[in-house]
Amino acid sequence: MSETRANVAAKKIEAIKDEFHEWNDIFIQPGFSVNDLMTRAECTRATAQLTNEIKAINDQIAAARLDHAKGRKQLDGDWVFRAGKAIRHKRSLITAVRAKMESIPRSEKGDQFRQVILDVIRDDIGEDRMQAYVAEAKRRFPAADKSNGEAC
């Protein structure tokens, strides 16, 4: 039995909340928690910021290893360990942000745009062919048949 995206997202959210106790405990940056994210766009920006921070840490580790390989500096193992721990923490933050994003409903504007696209296709191919596509989509994804299905 397949689970809906909302159920999967809810399970991810609960697992993350169990780890961090509350959304307020998950800070993306000082003074800004996952709970402060209100839109999917904010979640996307937070994910991009965290991804850039991970890349920067990886670049610092690579530079330190290169300096060590060339004999310029001694490699500090404790620092490398802390940097790796920071990367793992930021990856868990990305998971938390993505779970939060799944809990935020898509905007009606996006739904309206998708409906306009469907209407344009329907006008182009005709109602009979459109219904054949809808039937095929329902066959491939039975959970969609149980929803309201008004978009098609």
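Leu37 touches Ile28, Phe32, Glu42, Cys43, Ala46, Val97, Lys100 and Ile104, leaving aside residues up to four places away in sequence. The model is predicted.

Q: What makes these residues count as touching Leu37?
A: Contact requires heavy atoms within 4.5 Å, and Ile28, Cys43 and Val97 are among the residues in contact with Leu37.

Q: Which residues have the most contacts inside the largest nonpolar core?
A: They are Ile28, Val34, Leu37, Cys43, Leu50 and Val97, in a core of 18 residues. The elements that give two or more residues to this core are H2 and H3, and H3 gives the most, with 7 residues.

Q: Why are H2 and H3 called roughly antiparallel?
A: The two helices pack at an angle of about 165 degrees, with their axes 9 Å apart. Angles over 145 degrees count as roughly antiparallel, and therefore H2 is roughly antiparallel to H3. The crossing of H2 and H3 is left-handed.

Q: What makes a residue of H2 buried, and against which elements do the buried residues pack?
A: Buried means under 20% relative accessible area; the buried residues of H2 include Cys43, Ala46, Leu50 and Asp67. The buried residues of H2 pack against strand S1 (27–29) and helix H3 (77–103).

How values were computed: Residues are numbered from 1 along each chain as its sequence is written. This is a predicted model: local features need pLDDT of at least 70, side-chain atom pairs count only at pLDDT 80 or more; totals for chains, interfaces and linings use all residues. Side-chain values use heavy atoms; hydrogens and water are left out. Buried means under 20% relative accessible area, exposed over 50%, partly exposed in between (1.4 Å probe, protein chains only). Helices (H or I, at least four residues) and strands (E, at least two) are DSSP runs, numbered from the N terminus. A nonpolar core is a set of buried Ala, Val, Leu, Ile, Met, Phe, Trp, Tyr and Cys residues joined through side-chain atoms within 4.5 Å. Axes are lines fitted to C-alpha atoms, for helices over the stretch in contact, and angles run from 0 to 180 degrees between N-to-C directions. Angles under 35 degrees count as roughly parallel, over 145 as roughly antiparallel, 65 to 115 as roughly perpendicular and the rest as oblique. A crossing is left-handed if the near helix is turned anticlockwise from the far one by less than a right angle, and right-handed if clockwise.
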